[in-house]
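Me: I have a model open and want a quick tour of its folds and packing. Can you walk me through it?

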Amino acid sequence: MTYIRPIFRHPERPKNDLGYTRAEYEGGLSTLCAGCGHDSVNSAIVQACFESNVEPHKVAKMSGIGCSSKSPAYFLRNSSGFNTVHGRMPSVTTGANMANRELIYIAVSGDGDSASIGIGQFAHVVRKNLNMVYIVMNNGCYGLTKGQDSATSDVGSTSNKGQPNLYEPIDLVSTALQLGASFVARSFSGDKAQLIPLIKAAIAHHGFALIDAISPCVTFNNTGQSTKSYDFVRAHNEALNAVDFIDEKEAITAYYKPGHSEEIPLHDGSIIKLTKLNREHDVTDRIAAITAVENSKNKGEILTGLLFHDSQSQDTHSMIGTSEEPLNSLSQSELCPGMKVLEEINDSFR
């Protein structure tokens, strides 16, 4: 048995504007369980990067520990990557981002990695608005260590072990909204029509972009009583909006029914087009987003779609005024200019 992906592809496969086929964005063959929702999320990342004309060598793939954090091996094989220790991916990503702000940081984490041991680091990377895409593959259990409940498992939800969870869950979407995240979305691994444009919009967003992707664990947490199972999510999924991403190079010619759609501009000139479905929702209103999430939770629904977006947000570099030139490209004399410059800096504070 081999885990090496065959390189043969049909010679007429479609190419993007860079001349790459989708194959250039793939990784190795997945060793995750057959049917794992994470593989669908990985496939969506591949398709989103292909359609967004992302240059693979300009992507840094970051992850922590867990089934989800194995995922960077399965997409963008020509990109750089760093598999950090448990829960510490945000701080490592912050350091990398400070050294080279020109890379696209796509970070993959799990509910155990982000909502338990890494909750403190998650909170601070949100409030600092680091320019990154943060995808949580949320299955409500520790799939790598035999299915224990995670911090996102809902009260009463029952995994394969048969014991209902007793504790209130941590909702990473609500947490991110309260901490000031500038782009917040939730989706389902089984809904690529929604997930792919959300990932494309997150890549184009300038600042911290969270996508909480409900991604069922077929081995340990896919029972009829699990709120993260395929059947439960399909039955209780309440889509807030239908999402489309329109690149700045494309002419916007579609007709939108008045009062039922809106266009959200991004920093690079691209557009997120939202078609309202069952309810009115202003994605620029943080309080409305928090209220919508809580109301859906009380109804037993899983609210998906783009929940909040701040097009005027400033990322970490803008807030603290870092060098526009990446630190890793500066010379030793520029990075360490000597005691005289240090004394001048100190004198400026006196």
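**Overall build**

Reply: Of the 350 residues in the protein, 48% are buried, where buried means under 20% relative accessible area, exposed over 50% and partly exposed in between (1.4 Å probe, protein chains only). This is a predicted model, so local features need pLDDT of at least 70, side-chain atom pairs count only at pLDDT 80 or more, and totals for chains, interfaces and linings use all residues. Residues are numbered from 1 along each chain as its sequence is written, and side-chain values use heavy atoms, with hydrogens and water left out.

Me: How many helices and strands does the protein have?

Reply: The protein has 11 helices and 13 strands. Both are DSSP runs numbered from the N terminus: helices are H or I with at least four residues, strands are E with at least two.

Me: What is the radius of gyration, and what does the globule rule give?

Reply: The radius of gyration is 21 Å, close to the 20 Å from the globule rule for 350 residues, so the protein is as compact as a globular protein of that length. The radius is taken over C-alpha atoms, and the rule is 2.2 Å times the number of residues to the power 0.38.

Me: What box do the C-alpha atoms fill?

Reply: Roughly 70 × 55 × 50 Å, taken along the principal axes.

Me: And what share of the contacts comes from residues 24 or more positions apart?

Reply: They account for 70% of the contacts with a separation of 6 or more. Contact means heavy atoms within 4.5 Å.

Me: On to helix packing. At what angle do H5 and H8 cross?

Reply: Roughly 160°, and the axes of H5 (residues 172-179) and H8 (residues 286-298) come within 10 Å. That makes H5 roughly antiparallel to H8. Axes are lines fitted to C-alpha atoms, for helices over the stretch in contact, and angles run from 0 to 180 degrees between N-to-C directions. Under 35 degrees counts as roughly parallel, over 145 as roughly antiparallel, 65 to 115 as roughly perpendicular and the rest as oblique.

Me: Which residues make that contact of H5 with H8?

Reply: H5 brings Val-173, Ser-174, Ala-176, Leu-177 and Gln-178. H8 brings Arg-286, Ala-289, Ile-290, Val-293, Glu-294 and Lys-297. By class, the contact of H5 with H8 has six nonpolar, two polar and three charged residues. Ala, Val, Leu, Ile, Met, Phe, Trp, Tyr, Cys and Pro count as nonpolar, Asp, Glu, Lys and Arg as charged, and the others, Gly among them, as polar.

Me: Now H1 and H6. What angle do they pack at?

Reply: About 55°, with the axes of H1 (residues 37-51) and H6 (residues 192-204) 9 Å apart. H1 and H6 are therefore oblique to each other. Among the H1 residues in the contact are Ser-40, Val-41, Ala-44 and Ala-48, and they face H6 residues including Leu-195, Ile-196 and Ile-199. The contact of H1 with H6 divides into nine nonpolar, three polar and three charged residues.

Me: How far apart are the axes of H2 and H4?

Reply: 8 Å, at an angle of about 35°. Met-89, Pro-90, Ser-91 and Thr-94 in H2 meet Gln-121, Phe-122 and Val-125 in H4. That contact has four nonpolar, three polar and no charged residues.

Me: Switching to loops. Where is Gly-87?

Reply: Gly-87 sits in the loop between strand E2 (80-83) and H2 (89-99). Gly-87 is buried, with a relative accessible area of 1%. Leaving aside neighbours within four places in sequence, Gly-87 is in contact with Asp-113, Ile-117, Gly-118 and Gln-121.

Me: Is Ser-153 buried or exposed?

Reply: Ser-153 is buried, at 4% relative accessible area. Ser-153 lies in the loop between strand E6 (148-149) and H5. Not counting residues up to four places away in sequence, Ser-153 touches Gly-140, Asn-165, Tyr-167 and Pro-169.

Me: And Asp-191, how accessible is that one?

Reply: Asp-191 counts as partly exposed, at 23% relative accessibility. Asp-191 lies in the loop between strand E7 (183-188) and H6.

Me: Last topic, backbone. What is phi of Asn-53?

Reply: Near 55°, a positive value in a residue other than glycine. Most residues other than glycine have a negative phi. Asn-53 lies in the loop between H1 and strand E1 (59-63). Asn-129 also has a positive phi, about 55°, and is placed in the loop between H4 and strand E4 (132-138).
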